[in-house]
Amino acid sequence: MAWLWMITELLVSAVIFVAFGLGFAIIFESFRRRHNNAHVDSSNAIFEDPYSLKPVPCPNISDPAEKYMSLIIPAFNEELRLPGALDETMNYLQQRAAKDKSFSYEVLIVDDGSADGTNRVAFDFVKKYKIDNVRVLLLGRNYGKGEAIRQLLYLCESIGKQGMLHSRGELLLMLDADGATKVTDLEKLENQIHAVATKEIQFGDSATSDSSLRISDIQLAAFGSRAHLEEKALASRKWYRNFLMKGFHIVVLLTAGPGIRDTQCGFKMFTRAAARKLFTNIRLKRWCFDVELVYLCKWFGIPMIEISVNWFEIPGSKVNLLSIPNMLWELALMSAGYRTGMWKISS
């Protein structure tokens, strides 16, 4: 019996040691990332006109909007999937602009350090549709999807420093490079934002009830959702994937709280005012930056609208079972960072 008791003690000691080590690692990494909301080294980011090869003046998120809508597409090794998604997107935008002369747009492609021909594909579209409508930002190395999107929404350095590009839209839509969600579904998010914003302007408090306000001045976020497809997905996925995903959803619920059923859908729209608040504070750069967006929306009191969108599985997904531990790690960092006060939120 003595040996059994000794093994039990060793196992308990090992568990305590691992738990202590993991807790220390989480706190240390959260502290190390406390300033991650600052931009990356701008010398790695290049934004240029493919014709003149000269830097293009980049706007600032604090400036008034110059376009009605910005579509932001982060891309990492998407040489094969990007052309189809961009063709569909540009066809829709051109048709809509032809019907509605007041509709203006830009498509912003962020090459997140791709090792294939993603930047070549992106610049082909710039040449085809001109730099006022399609722009490309080269980050130089892979930072992660969250950072790729944030780079188009954050503080721009002077042009002489090859500054980081800003979006120019009143409404800012982020969408994946694979085209899994039909671009026409942006109208669902757009219409809901307009409906809520109109109520805010007409019936809001004295701070918002101003007829001179534009939609870009109202803080709103619309989240595309695949939650309505969950039952079908559960039936087709293997049991262990369902188990892992259910566990992840529980952790998300504990971390960010209830409100959004599908945080990970890559189809989200923000007003300019909301983006200014959210993306100057976001710290996570990879898979779980979506969850941090939900947390920050709640912290700022930014209304969130969840809207069902059409979504199709596209071959070549970069999400796999190994992504789950990385997601859980980021959620632990986020929880520790905000709950301990190490991650300060700027208003």
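The dialogue below takes up each term in turn and sets values against definitions.

Student: What kind of model is this, and how many helices and strands are in the protein chain?
Tutor: This is a predicted model. The protein chain holds ten helices and seven strands. Of its 347 residues, 48% count as buried.

Student: Why is C265 called buried?
Tutor: The word applies under 20% relative accessible area. C265 has a relative accessible area of 1%, so C265 is buried. C288, at 0%, also falls under that cut-off and therefore counts as buried.

Student: How many disulfides does the structure hold?
Tutor: The structure holds zero disulfides. A disulfide would need a pair of cysteine sulfur atoms within 2.5 Å.

Student: Why is N77 called partly exposed?
Tutor: Partly exposed covers values between the 20% cut-off for buried and the 50% cut-off for exposed. N77 has a relative accessible area of 30%, so N77 belongs to that class. K130, with 47%, is therefore partly exposed as well.

Student: What makes the phi of N77 worth a remark?
Tutor: Most residues other than glycine have a negative phi. N77 is not a glycine, yet its phi is positive, about 55 degrees. N77 is found in the loop between strand 1 and helix 2. K130 is likewise not a glycine and has a positive phi of about 75 degrees. K130 lies in the loop between helix 3 and strand 3, just after helix 3.

Student: What makes helix 9 largely enclosed?
Tutor: Ten of the twelve residues of helix 9 are buried, so the rest of the structure largely encloses this helix. Among the buried residues are F289, V291, L293, Y295 and F300. Helix 9 is followed by G301, whose phi is positive, near 75 degrees.

Student: How do you know that the span of helix 9 is close to the expected one?
Tutor: The expected span is 1.5 Å times one less than the number of residues. For the twelve residues of helix 9, that expectation is 16 Å, and the helix reaches 16 Å from its first C-alpha to its last. Helix 3, which also has twelve residues, reaches 17 Å, close to the 16 Å expected.

Student: Why is helix 8 described as mostly covered?
Tutor: Six of the eight residues of helix 8 (residues 272–279) are buried. These are R272, A273, A274, A275, L278 and F279.

Student: In what order do the strands of the sheet stand, and why are strand 3 and strand 7 said to be at the edges?
Tutor: Seven strands form an open sheet in the order 3-2-1-4-6-5-7, with mixed pairing. Strand 3 and strand 7 each have a single partner strand, so one side of each is left without a neighbour in the sheet. Neighbouring strands are turned by 20 degrees against each other on average, direction ignored.

Student: How do you know that strand 4 pairs with strand 1 and with strand 6?
Tutor: Two strands pair if DSSP finds at least two bridges between them. Five bridges join strand 1 to strand 4, and these strands run parallel; K67 stands opposite G169 there. Four bridges join strand 4 to strand 6, which run antiparallel, and L173 stands opposite M269. Both pairs therefore meet the criterion.

Student: What makes strand 4 largely enclosed?
Tutor: Six of the six residues of strand 4 are buried, so the rest of the structure largely encloses this strand.

Student: Which elements cover the buried residues of helix 3?
Tutor: The cover includes strand 1, helix 2, strand 2 and strand 3. Helix 3 lies across strand 1, strand 2 and strand 3, running at about 155 degrees to strand 3. Its buried residues include V121, F123, F125 and Y129.

Student: Which residues touch the most other members of the largest nonpolar core?
Tutor: Of the 45 residues in that core, they are L71, V107, I109, L186 and M269. Elements giving two or more residues to this core include strand 1, helix 2, strand 2 and helix 5. A second, separate core of 42 residues includes V252, I260, M334 and A336.

Student: With which residues is L186 in contact, leaving aside its neighbours within four places in sequence?
Tutor: L186 is in contact with M69, L71, Y92, R96, L173, F267 and M269.

Note on methods
Residues numbered from 1 in each chain as written. Predicted model: local features only at pLDDT ≥ 70, side-chain atom pairs only at ≥ 80, totals over all residues. Heavy atoms only, no water. Core = buried A, V, L, I, M, F, W, Y, C linked by side-chain atoms within 4.5 Å. Buried < 20%, exposed > 50% of the residue type's maximum accessible area, 1.4 Å probe, protein only. Contact = heavy atoms within 4.5 Å. Axes fitted to C-alpha atoms, helices over the stretch in contact; angles between N-to-C directions.
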